[in-house]
Amino acid sequence: MTTTPRSLPRRRPTEAGPRPNVARVAVRRIFKAETTDFFLLLGTTVFIVLFGLVMVLSSSSIEARSETGSAFGAFTRQAVFGAAGIAVMLLASRAPIFFWKKWAPRAILFAIGFQLLVFTPLGIAVGGNRNWVDLGLFTAQPSETVKLALVLWLAFMLSSRPELLDDWRKLGATIAPFVVVSVGLVLGGHDLGTGIVLIILVFGALFFGGVRLRYLGVAAAGAALVGFALSQVGGSRVSRISAWLNGCTEENLLDVCWQPQHGTWALAAGGLFGRGLGNSDMKWNWLPEADNDYIFAIIGEELGLVGAVLVLGLFVLLAITFVRIIRSSRDPFAKIATAAVMTWIIGQALINIAVVLGVLPVLGVPLPMISAGGSALIVTLLGVGIVLSFTRTRPEPVQEPLS
Amino acid sequence: MPRAQRSLRARLALTLVVVLAVVTVFVVRLIDIQVVQAAALNEQSTSRRSVPVTTYAPRGEIIDSTGKVLADSTDRWDITASPRYALASTKHPVQESAEAIAAITGQDPAEIVAALQAKPDADHAYVSRSVSLDQLRRIKELDISWLYDEYRPSRNYPQGSVAGNLVGFIGTDGPQAGLELSENDCLASTNGVSTYERGADGVRLPGSTVTETQAQPGGTLQLTIDSDLQYFVQQAIGQQANALGAESATAVVMKASSGELLAVADYPSVDPNNVDGVDIRYLGSLAFSTPFEPGSTFKALTAATLLDKGVVSPTSKIVAPYELEVGDGTIKDSFVHGDLNLTLTGVLQNSSNTGIAQLAEYMPASQRYEYIERFGIGTRTEVGFNGESPSPLRPFEDWDSRTALNSTFGQGVVATSVQVASIYQTLANNGVRMPVTLVKGCQLPDGSWVDTPTGEGTRVVSEYAADTTVHMLESVVQDGFLAKSLTIDGYRVAAKSGTAEIAEGGVYTSDRVISIAGMAPAENPEYVVVVTLTKPDTIKTSAGAAPTFREIMSHVLTTYRVPPSTDPAELYPATW
């Protein structure tokens with residue numbers, strides 16, 4: 001946009017002289033129209049966050065009231081984090097691309113250091129997962145920052161060193177150590193769910209970064225092997241997986257089957273149009289983690305098939321938006337970072353829903369931007385903010401070399 | 001386009017295809033769970049959440065003829081708990097909660113704790129029974145999540161002992177006596193069933209209550225009894241029974257034209273609110289349940305029978321000695337006298353046993369037996385009161401000559417107070433016996449009335465026989481030896497006294513049942529009153545019952561505003 005809008009206030013003659021252009025540039029930057037993708041991503045994200053807030057309020061109110069006396073405890077916390085997250089996202093969306101490139105190498109070091117705190121006395125175990133850090137003022141999940149750091153770092157490495165893509169030795173030497181350390185630390189805290197999301201995120205970055213498929217195939221086979229080995233170790237995990245494979249019985253209903261079975265019952269109770277917002281029965285202490293890992297079951301119960309499909313549709317829309325952004329970006333860093341964020345958010349969402357639907361065994365992965373959980377929400381929104389920052393400027397048509 | 005870019009496009013397209021494929025699988029799975037299998041899954045899950053509860057509706061009221069409440073149901077609640085959740089609750093520990101509840105209900109906290117610990121795995125236990133609304137409200141304010149309440153209306157008798165013997169009472173196992181028992185079909189409510197859903201911690205989910213069967217309240221039972229009159233009559237016989245040292249007493253007030261019972265009083269009376277306050281023998285109604293040898297009040301029946309057959313007239317002459325030799329024994333009058341020249345009227349007036357026995361010889365005993373049956377002796381009245389006696393009539397084949405004679409003056413036969421009242425009602429109602437009624441009807445919960453079938457009256461004796469007998473009985477009141485205590489100023493009263501010996505083990509003892517049966521106004525009788533006192537100490541003749549009869553009859557005549565009699569009675573001659 002090069003012309004001054006007519007609505008600009010007419011300057012008085014006395015001020016017209018000395019520095020008219022400075023003011024004009026600032027105003028133009030502020031009012032510059034964003035791209036379609038910017039608004040599509042922002043709008044979808046904000047809608048999902050607000051929808052998530054409503055569902056967190058609905059699904060947490062009963063348990064929050066019986067535990068703390070206030071039905072709004074978990075909701076208020078989530079709302080504060082949501083507001084902070086959206087602020088962080090909007091701030092991040094203003095950052096220029098070189099800012100992310102500059103901080104990428106340091107981010108991975110910081111995240112790994114932060115993750116190490118889990119193993120210090122500051123670490124807290126929640127439900128067997130030693131995955132939390134008590135920072136005095138609030139508790140945080142360092143593994144969430146690992147996701148973000150990996151996004152930036154992988155995008156930086158793969159975009160700035162294209163020779164890695166075709167040489168598995170170099171790739172292995174530079175990427176693998178950091179990936180193994182960060183994922184290993186998360187798995188060391190017995191957080192299988194986040195570990196799986198991290199692995200998917202890494203694969204997404206490599207896949208869309210242009211790494212040869214056969215390298216990826218070998219890595220996937222290796223990851224699957226490790227995953228299988230891990231699944232045979234943890235006691236509760238073995239029984240969860242066998243319950244998933246063999247179905248629920250009266251005996252295991254009271255332990256490993258309780259959550260998935262009640263999740264299925266919640267969905268069934270919803271039917272086509274749901275029982276109505278707030279009318280869930282399962283949130284009355286029946287369904288564990290109703291506001292978290294199993295919030296999709298409550299959505300299905302209260303809003304029915306219609307509401308559940310709407311949520312699926314939102315994530316599909318998000319995926320399409322990410323793909324649009326990747327295709328219209330010119331900077332490889334932006335492409336790879338966006339792809340990594342996409343595989344992270346969409347992958348995590350699909351895994352979460354698959355668990356609730358009984359397609360996967362219980363893994364302990366929250367539904368991004370909808371489930372209750374402060375650090376996850378802020379970090380996810382920061383990830384979206386980074387992608388938003390790539391879309392603020394409409395890419396100039398690139399002169400493709402003639403072939 | 002460079003290879004890298006083509007490759008990226010392909011990979012992006014592949015990604016979208018995979019995402020859409022996965023989402024499609026999810027949608028199919030969602031449809032499977034939420035639509036296809038929904039019914040089966042819901043059945044599994046609701047059976048775990050839903051808790052059936054019995055709902056209660058109040059039992060019907062018992063009201064008197066004017067609508068005053070004799071029995072009603074008060075709202076009470078049973079406090080129940082789920083021991084399973086109670087014992088597991090950390091927010092509301094059992095001991096602490098039990099103390100708080102006990103402070104409201106006045107129980108011993110240990111009792112509550114014991115009730116909860118009796119079956120620790122159960123989902124239902126009674127914590128406190130029958131608490132009032134106020135107590136319920138305060139218990140609910142404790143906000144103990146494992147505590148529930150069940151509506152359990154309890155029975156209340158606002159008028160206490162007034163008509164208590166008729167109304168009966170409700171025990172812990174349901175109706176135990178009186179109309180509460182015999183009219184249970186009208187009064188009983190039908191329990192309903194509803195279910196609610198509970199949270200995993202036992203909390204009742206709001207809005208989850210589903211009523212499967214609506215609880216139906218009981219019907220309202222209306223009696224013919226006038227509770228104000230009933231109260232007065234109970235007071236009157238109570239005072240007299242105390243004054244005479246009588247063991248028990250009854251009084252019946254009946255409407256002559258309809259056979260409706262306006263008061264059926266028993267002494268000792270029972271307060272249904274506190275049935276333990278009276279000996280178990282008196283929990284029912286003596287007036288219905290206890291037949292006695294009526295004695296001379298029966299002479300009116302004999303006279304009406306003879307008149308109906310036309311074998312005597314009011315002035316038929318007879319010589320009545322003090323003693324009369326018959327068959328295997330003697331019959332005597334109640335006082336020593338020489339031979340008296342009496343008419344039938346005089347026989348009644350002087351209550352001569354020898355006189356009535358001789359006059360009855362004009363008629364075969366078998367015919368008199370039929371009349372006795374037609375007057376209702378030997379059959380329960382239409383009321384069918386709980387524990388009512390038919391006053392068994394010995395088969396005629398078993399009657400010896402002595403019984404045949406004794407029956408003319410009310411010995412050797414038995415009748416209840418209500419049956420005696422019914423005999424006098426027949427005489428008062430021109431010889432037509434009306435079915436005895438105690439219950440006017442039953443108002444169903446939907447407002448419709450089911451009236452007790454009254455039935456047609458049956459003619460027992462001719463109008464002439466009945467009216468003449470009543471007229472002769474006026475002589476008893478005006479000129480008999482109880483004239484002083486029977487006459488009521490302004491009204492013509494017809495009545496007969498009775499003093500019967502009580503037989504115990506086949507031998508007559510010195511104990512008596514003294515009674516007066518009568519009606520007023522004699523020219524067109526409207527009300528029948530019967531008073532009996534059993535085993536009085538101080539006055540052992542019917543003189544003890546006469547003042548009470550007059551007291552009750554005066555009250556009835558004034559209460560129901562019966563116009564005073566205008567013409568004086570022209571009495572038949574009593575002697576010749």
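A salt bridge, as I use the term today, is a side-chain nitrogen of Lys or Arg within 4 Å of a carboxyl oxygen of Asp or Glu. By that rule, the interface of chain B and chain A has zero salt bridges.

Before I go on, the conventions. This is a predicted model, where local features need pLDDT of at least 70 and side-chain atom pairs count only at pLDDT 80 or more, while totals for chains, interfaces and linings use all residues. Residues are numbered from 1 along each chain as its sequence is written, chains are lettered from A and ligands numbered from 1 in the order in which they are written, and side-chain values use heavy atoms, with hydrogens and water left out.

Back to the interface. Taking contact as heavy atoms within 4.5 Å, 36 residues of chain B touch 48 residues of chain A. Buried area is the accessible area, with a 1.4 Å probe, that two parts lose on being put together, summed over both. For these two chains that comes to about 3,700 Å², and 69% of it is on carbon and sulfur atoms. Arg11(B), Phe26(B) and Gln34(B) supply 20% of the area that chain B buries against chain A, more than any other three residues.

What about polar contacts? Here I mean a pair of N or O atoms within 3.5 Å; within protein, one must be able to donate a hydrogen and the other to accept it, and residues adjacent in sequence count only if both atoms are side-chain atoms. Between chain B and chain A, eight residue pairs qualify, both residues at pLDDT 80 or more.

Helices here are DSSP runs of H or I, at least four residues, and strands are runs of E, at least two, numbered from the N terminus. The largest share, 20 residues, comes from H1(B).

Next, the disulfide, meaning a pair of cysteine sulfur atoms within 2.5 Å. There is one over all chains. Cys186(B) and Cys442(B) form it, with their sulfur atoms 2.0 Å apart. Cys186(B) sits in helix H9 and Cys442(B) in strand S20, so the bond ties together parts of chain B that are 256 residues apart in sequence. The torsion about the S-S bond is about 90 degrees, so the disulfide is right-handed.

Are these cysteines buried or exposed? Buried is under 20% relative accessible area, exposed is over 50%, and partly exposed is in between, with a 1.4 Å probe and protein chains only. Cys186(B) is buried at 11%, and Cys442(B) is buried at 8%.

Last, salt bridges elsewhere. Glu382(B) pairs with Arg433(B), the closest N and O atoms being 3.0 Å apart. Glu382(B) is in the loop between helix H15 and helix H16, and Arg433(B) is in strand S19, so this pair ties together parts 51 residues apart in sequence. Glu382(B) is partly exposed at 43%, whereas Arg433(B) is buried at 9%.

Arg281(B) forms a salt bridge with Asp279(B), at 3.5 Å between the closest N and O atoms. Arg281(B) is exposed at 55%, and Asp279(B) is partly exposed at 38%.

Finally, Asp134(B), Arg137(B), Arg138(B) and Glu141(B) are linked in a network of salt bridges.
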